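Colleague: I have not looked at this one before. Can you walk me through it?
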Amino acid sequence: MSPSGIRPELPPQPLSPQQTWAVLGGVRRGWAATRIVRAIDVTSAIRHLRPDLPQAACVAAIHIGLLPFLFASRSKQSHLRRQIIAAETPLLSHGFTHLLITGPFVAAANRRGRLTALYAFQNHAWYAIPFHWLYHLLISARLLLPLGLTDLRRAHLKHRRANARAGFRLSVVFKLQQGPPHP
């Protein structure tokens, strides 16, 4: 079993620093799929690494705004979660058939029944370690500011902080499924 409980069809493929940079979209800004979710077309980078990717496939790397997610009050958490789930519809309407997720949201995406993990990539340590520590520090800072935190939310943030290392080491390509979204 891989670090985040992900079971793609093939074992994780290690990436060089340049490949990690390309798979995650580099410095391209992408487009806003929802208010907090940005998507970057990384089809060519994935096709370079995985020539067996179907010709009709189009892959979007998903980037989620971290500060709105960490500092949202309890009442806004369900709204942010709906924003993340709602990104599937705009991606499908823009012609994307697959999405690539990295970081602590990999495990959450894996739990969704509508997403099937196909390929996993092991991000290079030059990417994984700094982002792990940035995420760790931001969550620690949020835990120091208990305003609006419930015990359940505090435990959830501690769990995410503990799993951040495995999440940033892994990028997973999921297949999007057509059909009505599950709330």
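Modeller: One term to start with: a nonpolar core is a set of buried Ala, Val, Leu, Ile, Met, Phe, Trp, Tyr and Cys residues joined through side-chain atoms within 4.5 Å. Keep in mind that this is a predicted model.

Colleague: How many residues does the largest nonpolar core have, and which have the most contacts inside it?

Modeller: That core has 25 residues. Those with the most contacts inside it are Val23, Ile46, Val59, Leu100, Phe121 and Val173.

Colleague: Which elements give two or more residues to this core?

Modeller: They are helices H2 (43–49), H7 (125–144) and H8 (151–168), plus strands E4 (59–64) and E6 (116–122). H7 gives the largest share, 5 residues.

Colleague: Which residues of H7 are buried?

Modeller: Tyr127, Ala128, His132, Tyr135, Ile139, Ser140, Arg142 and Leu143 are the buried ones. H7 has 20 residues and reaches 28 Å from first C-alpha to last, close to the 28 Å expected at 1.5 Å a residue.

Colleague: Back to Leu100. What is it in contact with, leaving aside neighbours within four places in sequence?

Modeller: Leu100 is in contact with residues including Val23, Ile46, Val59, Phe121 and Val173. Another core, of 24 residues, lies apart from the largest one; Ile36, Ala60, Ile64 and Phe174 are among its residues.

Colleague: New topic. Where is Arg29, and why does it count as exposed?

Modeller: Arg29 sits in the loop between helix H1 (17–23) and strand E2 (31–32). Arg29 counts as exposed because its relative accessibility is 63%, and exposed means over 50%.

Colleague: What does Arg29 contact beyond four places in sequence?

Modeller: Arg38 and Ile40. His63 is 34 residues from Arg29 in sequence, with 9.8 Å between their C-alpha atoms.

Technical notes
Residues are numbered from 1 along each chain as its sequence is written. This is a predicted model: local features need pLDDT of at least 70, side-chain atom pairs count only at pLDDT 80 or more; totals for chains, interfaces and linings use all residues. Side-chain values use heavy atoms; hydrogens and water are left out. Buried means under 20% relative accessible area, exposed over 50%, partly exposed in between (1.4 Å probe, protein chains only). Helices (H or I, at least four residues) and strands (E, at least two) are DSSP runs, numbered from the N terminus. Contact means heavy atoms within 4.5 Å. The expected span of a helix is 1.5 Å times one less than its number of residues.
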